[in-house]
Amino acid sequence: MVLSIEHLYKYFGAEPILKDICLTVENKEAVGLIGVNGCGKSTLLNIITGSLDYDLTPEGLGTLSIDPRVKIGYLKQNSGLDSALSIKDEMKNAFADLNDTLERMKFIEQTIGDADGEELEKLSAEYSELSAYFEARDGYRMNTRIDMVLNGMGFSPDDSSRTVSTLSGGEKTRLALAKLLLEEPQLLILDEPTNHLDFVTLKWLEDHLRSYKGAVIIVSHDRYFLDKVCTRICELENCRLTSYKGGYSQYVIAKKAATQRQLKEYEAQQTEIKKLEEYIEKNKVRASTAKMAKSRQAMLDRIERIDKPSVLNKAPKIELDYDIEPTKEAIRISGCDLKVGFGSDSRLISGNVDMLIRRGEHTGLIGVNGAGKTSILKLIMGLIPHEKGSVVFGGNVKLFYFDQEHASLDPGMTVLDQLLYRFSGLSVEQARKVLASVLITGEDVFKPISILSGGERAKVCFAIMILSKANVLILDEPTNHLDLPAKEVLEEALASFKGTMLLVSHDRYLLDRSATRIIEMKNGELRSFEGNFSAYSDAVSAEEQQLAAELSEKKAAEQEQARKAEKQKQYRSKEQRALDAKKRARIKELEASIEECEEKISELEEEISSPELAKDYEKLNLRCAELENLRAQLDSDMNEWAELSDQI
């Protein structure tokens, strides 16, 4: 057991935010913590990490127990490293104990030559102990592990010398996560770890966490991520925590069944309560029946009330409509150079960009961070210039642009005034109705834009999108900062939209539901795939499998050729060799294989750590995979060699 919480409460003033929370987390368990924004997820994490106290009830309820040997690593939402060190040196700090051990070993190596007698014996014993400790914790692969994690988190070898303080906010967050993964705490707590990750990095992180040696608690709105990583989903709702086995997909099914069951129990209990109340009301004043009424009142008082299930009141359906159809070719980009920056600081991302967005298509534009996806949207909107080529709009095109930074909103205006200012003739009632459809109701419509959260600002933009009646939507990460219910409402709206859409998103659920075509931006080139994200993923997987099959066939052919050559060298008598001779031959083969594996592992570790692979990320990934395969082969060969040696 890593963590145990029993009957925990937390109050802010007189209002509870956490009530009777019970949670146990075992080693190697991955728990997904979900709930709407403001339900208390971050509060619970802060209590677990010790930065916030919990409250005891008058009965003394409330305990939190953590194994004292457990080290906790906590990545807060949108937090990051800030240091004057280089990326590589900052990552080395994740191995502080190993670095100290190595320094002590070096000191002993320098001084042991001048020692003799008892001092020599003492230093030798200490060095042997330190060396065993260093090797047991894989200290000699420290740099290799750093390079592999940095590569997995989207940092190239060229980035290693960059100063941490000069990184962007997203890069600092990714680096903080990379350092936590290298530290390998027994309890890893991640609050929205996927916010700044592209698909390649997401897949790497999913694979890494699935094989993580400790326990993991994850707060995330990425349902694909929760499905891939989590073994249990815990939902915070109405201040209480409910646990469901499996990933997010299993949670959805179990939650629906539990809600239906609770609703039936609630309705049955309400019927019983109503009968008791009616009986009491009719009979309490009669002398002949007052005693029975009092008995019924005692029964009523003893009933443990079942809460009405909070079947989440889904927001009214967002309806996206437009007044006029555009022509067949809605947007055509031809031969444009795509740059970021201005003047002498500009940098070419891609040359001769060609893209056609056809009427009625829902196109998802994907790629790694920095590939140029947002730049293409800004190119279409005229927010960045292009020195050559053209951007041509079809007839009757009416655009709406969702900027992930929400820069179009006036921070000095209230939510309601923002809509009334943009759309003349719009009544207050009409504006409030549209805002209610995106879950902005009551006094919230009078909030200034400047104090809204990222999710609330996004909802204001969605209200503007509804009123714009645009037939072409240009959307840049529209689900960032949204909780799960809000995402589901938006997905439904975009999936049912009959117009044209160009969408940049890392939300794989959204792309699966709403995209009819995927355009992948990679190494400055665009590739188009018909279908949604799943179809794109299947196509890419098929390509990777074909490449792997070709490499496997080539390796098998080489092995067969080597086997035949070896067979020709060996003298084979007609009679079968004795069993012990076979074992000796196999031992020799294994010794050769072990030696070869060790040499290749050493070469690969040097190659991975070298700067020569800086410009070839695919080759670096292949080398990392090859290294893991070689280690697995070495372990297998060593085990077989030991078994045969014992038999001989």
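Predicted model: local features only at pLDDT ≥ 70, side-chain atom pairs only at ≥ 80, totals over all residues.

Me: Which cysteine sulfur is closest to the one in Cys230?
Reply: That would be the sulfur of Cys234, 9.3 Å away, which is too far for a bond.

Me: And what about Cys624, where's its closest cysteine sulfur?
Reply: In Cys597, at 17 Å, so those two are too far apart for a bond as well. Cys624 is also buried, with 9% relative accessibility.

Me: How many disulfides does the count come to, then?
Reply: Zero disulfides. A pair of cysteine sulfur atoms would have to be within 2.5 Å to count.

Me: New topic. Where does Ala470 lie?
Reply: In the loop that links α14 (454-468) and β15 (472-476). Ala470 is buried, with a relative accessible area of 3%.

Me: What does Ala470 touch, leaving out residues up to four places away in sequence?
Reply: Asp321, Tyr322, Lys398, Leu399, Phe400 and Phe497. There is also Asp323: its C-alpha is 7.9 Å from that of Ala470, although the two are 147 residues apart in sequence.

Me: Now the surface. Which residues form a nonpolar patch there?
Reply: Leu547, Leu551 and Leu622, and together they have about 270 Å² of accessible area.

Me: Which helix is Leu551 found in?
Reply: Helix α17, which covers residues 533-569. Leu551 is partly exposed there, with a relative accessible area of 47%.

Methods: Residues numbered from 1 in each chain as written. Heavy atoms only, no water. Buried < 20%, exposed > 50% of the residue type's maximum accessible area, 1.4 Å probe, protein only. Helix = DSSP H or I, 4+ residues; strand = E, 2+ residues; numbered from the N terminus. Contact = heavy atoms within 4.5 Å. Patch = residues over 30% accessible without salt bridge, like charges linked within 9 Å, V, L, I, M, F, W, Y side chains within 5 Å. Areas by Shrake-Rupley, 256 points an atom, 1.4 Å probe, with all protein chains shown as cover. Salt bridge = Lys/Arg side-chain N within 4 Å of Asp/Glu carboxyl O.
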